[in-house]
Amino acid sequence: TQFSIAEGMLKNFKDLPKLSIHELSERCYVSPSSMTRFVRQIGFSSYKEFRQRCKESFTIDIDYSRTVTKAEGEDILPIYRSYSDNVKDNIQYNFEHVDYDQMSRISEWIYEASEVVYLGLEFATILGQHYQIKMAECNKYVQLPINHNDQINTIRNLSKKSVVIIASVEGSYFFINEDIIKELKKKEVKIIAITMEHNLKRLRDVDDIILCNKYNSETEGRISLLHILELLLMNYFINYK
């Protein structure tokens, strides 16, 4: 039933903001009560709240600057060039600011931690899956709770000897999930932030900040976040293989 609902939502992705619970249930071949249970399981109080969030969230425009959103076909080549140059600059920035002692210190924290948790939003979570797999190959299990409810429940069950990695290029995770950040402070776990916004007041309680890129106007930060995670993986493997 859950698979049918998830598949049906993806097939009707653009229509979700305007479909009633009965209309979407018909398209997914399930009952409205099954639909209600599903949206609650993924973190919404009701189908009404789920649909409202869909109205607010479903647009790719927010990923890009006006240069891209207003571009025409003939503008593609210079946009590609600018994007690629920014990606190269970001990776060079990461390399120039990498602190080997910091990387080794964080690797040691992770190695000695009773539990390790990786938190992020959207694409950062996808990269988290890669990080989780590679760390498992290094014989270290990293928890990767996906939705908000799973994340808060995971945090509440952590011991003090745990390490939490928060990957958020622009720092939005710290704004959206203030309740999780408060819970982390109560737990007194070590918090590592991977971000470009290292001056945010909300970051004052983290134990370490890994600087990640200087450009993100056209989502260049996604690639440099992967670059940082690869550096972390290499450091851990070299020190604890």
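The side chains of Gln2 and Gln41 are joined by a polar contact of 2.5 Å, a polar contact being a pair of N or O atoms within 3.5 Å in which, within protein, one atom must be able to donate a hydrogen and the other to accept it, with residues adjacent in sequence counted only if both atoms are side-chain atoms. The model is predicted, with local features requiring pLDDT of at least 70 and side-chain atom pairs counted only at pLDDT 80 or more, whereas totals for chains, interfaces and linings use all residues. Residues are numbered from 1 along each chain as its sequence is written, and side-chain values use heavy atoms, with hydrogens and water left out.

Gln2 lies in helix H1 (residues 2–11); helices (H or I, at least four residues) and strands (E, at least two) are DSSP runs numbered from the N terminus. Apart from neighbours within four places in sequence, Gln2 is in contact with Phe38 and Gln41, where contact denotes heavy atoms within 4.5 Å. Gln2 and Gln41 are 39 residues apart along the chain, and their C-alpha atoms are separated by 10.0 Å. Gln2 counts as partly exposed because its relative accessible area is 44%; buried means under 20%, exposed over 50%, and partly exposed in between (1.4 Å probe, protein chains only).

At the other terminus, Lys241 lies in the segment after helix H12 (221–240). Lys241 is exposed because its relative accessibility is 70%. A polar atom of the Lys241 side chain lies 3.4 Å from the backbone oxygen of Ile238. The C-alpha atoms of Lys241 and Leu158 are 26 Å apart, at a sequence separation of 83 residues.

Leu121, Phe175 and Ile176 make a nonpolar surface patch of about 270 Å². Patches consist of residues with over 30% relative accessible area and no salt bridge, with like charges joined within 9 Å and nonpolar side chains (Val, Leu, Ile, Met, Phe, Trp, Tyr) within 5 Å; a salt bridge is a side-chain nitrogen of Lys or Arg within 4 Å of a carboxyl oxygen of Asp or Glu. Leu121 is located in the loop between strand S1 (116–120) and helix H8 (123–137), and its relative accessibility of 30% places Leu121 in the partly exposed class.

The protein contains 12 helices and 5 strands, and its C-alpha trace spans about 55 × 55 × 35 Å along the principal axes. Of the 241 residues, 41% are buried. Among contacts with a separation of 6 or more, 70% involve residues 24 or more positions apart. The accessible surface is about 14100 Å², 51% of which belongs to carbon and sulfur atoms; accessible areas come from the Shrake-Rupley method with a 1.4 Å probe, and for residues only the protein chains shown count as cover.
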